[in-house]
Every structure is written in C-alpha cells, then in structure tokens.
Amino acid sequence: MPNRLFMRPSSLLFFPLLLLLSSCGLFRGTSGGGAAEREAQKLLEKTEAASLDFAQLALSGQAQLDMPEGDMSNLSVKYRIHIAKDSLMLIQVKKIIEVLRILVRPDSIFVLNKLDQTLTVAAFGAAEEFTGLPADFGLLQDLILGNFHPLPTSLKAESRTGNPRRFLGEAAGTRFSYAIDPQLYKLVEIKAENPERNQATAITYGDFAAEGGTQVPQQGLVSVLQPAPFSVEFEHKKIQINPDDLSFSFQVPEGYLRKEGP
C-alpha cells in the first residue's frame, strides 16, 4: 500500500470531507408565493427536518477507494466513526490492521498515520484545494449521515413533479444541485460545480433504512471529478444511536513525527 496515499489531510477524511464547504447563510428556500413555490418550500422544510437526531453516534462499515493519481485503485478498507454531535469525531480506517486514526474537532483535524508514524495537524481549510471554499464540522457530520445541509441561501425547483425532485442554487461561484426523494423526504444526490476553479464533485445516497425515527442512507458514493479524480464508495454496516461505551481515544505514540498541514 503506497504511503503517499495518506499524506494529504484533505484526502484522509476519505469521503464527504472532499465536498466540504462552509454554510453561506441561513437557508431561505424557494422564492415566490405561488402554490408551486409553497409546495416546493414545504418539501425542503420536511427534508431538512428529517435529519437524524442524536447525542452520540457510532458507524461502522467498509469503503472502496479509487485515486488514480495516488497509485490507488479499488482499495478496500473498513472504517469506524464515532461522533459526539457538533463537537467531536473519531475516524478509524483499517486495512487488516488500523492504518489511520483521525480526530476531528470544530477547528482542527489530527491525522495519525500508523504506516509512516506521523501526526499531521491541519485546519478545515485543507479541503480548499478540492472545493475552493472553506469547510466546517457541521457539514462533514451531515454529509456522512445524508442529512440535508443546503449551502445556497435560496434554491429554485427545477421541476414540479417527478422523483427525485431537483433544486438548484449558487453560492460563492459554485453551482449546486440537490435531488430529493419526495416520499422519503431524504437527499439522494448532491452536485457541486465551479468551472472557474476547475472543481466538480458529486455525492449520491441510497439503500435507506429506518434509524432513529427517520430514514438514513446505508450506502453512498463520493465522486470528485475535478481537479483530480477521486472516488469513494461506502456502506454503513452498523449504526448505533447514543451507545453507552463510545470512545474518542487518540493517543500519539512516542517517536511520531509531527507535521503541520495546510
């Protein structure tokens, strides 16, 4: 396994972090006061309200990574993610043995690479090379869970019928497209494109199952098309809401080299 696969903090948070963007203001929904606009606004509000509610959460599953420029093709890994809502996240990545342990705080990311015995410390701005906009903890949390976290301050319905329903908007020069299942009130696809920055990313969600009074996607695919191809297909095998024994242990062994990320 090439060590350089795990060198950049922006690629270490191996799926939704690649789309991380900061919220650009309070979501205002669609504009206008007609019946179609009110119906679209209601759909958006119900979808936003259908987010999974929890104090602590444990996820475990497997992912398939593909990064041609990193000499990585169809690399299968297992992961475990612990989340204390809005405050702390621990990600463990295993390939037979644990190779990465990542601690995420609202203001920083700590990446323990056990392959080359390094600790990389970075801010969320490390994702900017992929997106052109800064990242935040809340969006990473919602992208992992498939929660609706709209970035543009307004969205316009592309059509009035069909499944999924698609909504379009723009923030800081990036065009966004959100596809919503009007029966589940869940997000099934996000697309983000900024031609001037040569950036394009898509996330799809599927295989929804009832968890905590709402529907949660068990599978997803993150595809970064530009500036560098990167894709991750993931599957949550187990979801535990508010478990009693959640751990966020992050011990740095003696002798590890500390690096400062971008």
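## Salt bridges

A salt bridge is taken here as a side-chain nitrogen of Lys or Arg within 4 Å of a carboxyl oxygen of Asp or Glu. By this rule the structure, a predicted model, has 9 salt bridges. One of them pairs D53 with K85, at 3.1 Å from N to O. This pair links distant parts of the chain, 32 residues apart: D53 is in the loop between α2 (35-49) and β1 (56-67), and K85 is in the loop between β2 (72-84) and β3 (88-95). Helices (H or I, at least four residues) and strands (E, at least two) are DSSP runs, numbered from the N terminus.

Accessibility is classed as buried (under 20% relative accessible area), exposed (over 50%) or partly exposed (in between), with a 1.4 Å probe and protein chains only. D53 is exposed at 56%, and K85 is partly exposed at 31%. E235 and K237 form another salt bridge, with their closest N and O atoms 3.4 Å apart; E235 is partly exposed at 23% and K237 is exposed at 52%. In the bridge between E260 and R258 the closest N and O atoms are 3.0 Å apart, and E260 is exposed at 57%.

## Nonpolar cores

A nonpolar core is a set of buried Ala, Val, Leu, Ile, Met, Phe, Trp, Tyr and Cys residues joined through side-chain atoms within 4.5 Å. The largest has 54 residues, of which L57, I81, M89, V104, Y178 and Y205 touch the most other members. Helix α4 (residues 137-145) supplies the largest share of this core, 6 residues. A second, separate core has 8 residues, including F110, L119, F250 and Y256.

Beyond its neighbours within four places in sequence, Y205 has contacts (heavy atoms within 4.5 Å) with L143, G146, L187, V188, I190, P217, Q219, G220 and F234.

## Backbone features

The peptide bond between N163 and P164 is cis, with omega about 10 degrees. P164 lies in the loop between β7 (156-157) and β8 (165-171).

Y185, a residue other than glycine, has a positive phi near 55 degrees. Y185 sits in the loop between β9 (174-181) and β10 (186-194) and is partly exposed at 27% relative accessible area. D207 is not a glycine either, and its phi is positive at about 55 degrees. D207 belongs to strand β11 (residues 199-211) and is partly exposed at 46%.

## Basis of the values

Residues are numbered from 1 along each chain as its sequence is written, and side-chain values use heavy atoms, with hydrogens and water left out. Local features need pLDDT of at least 70 and side-chain atom pairs count only at pLDDT 80 or more, while totals for chains, interfaces and linings use all residues.
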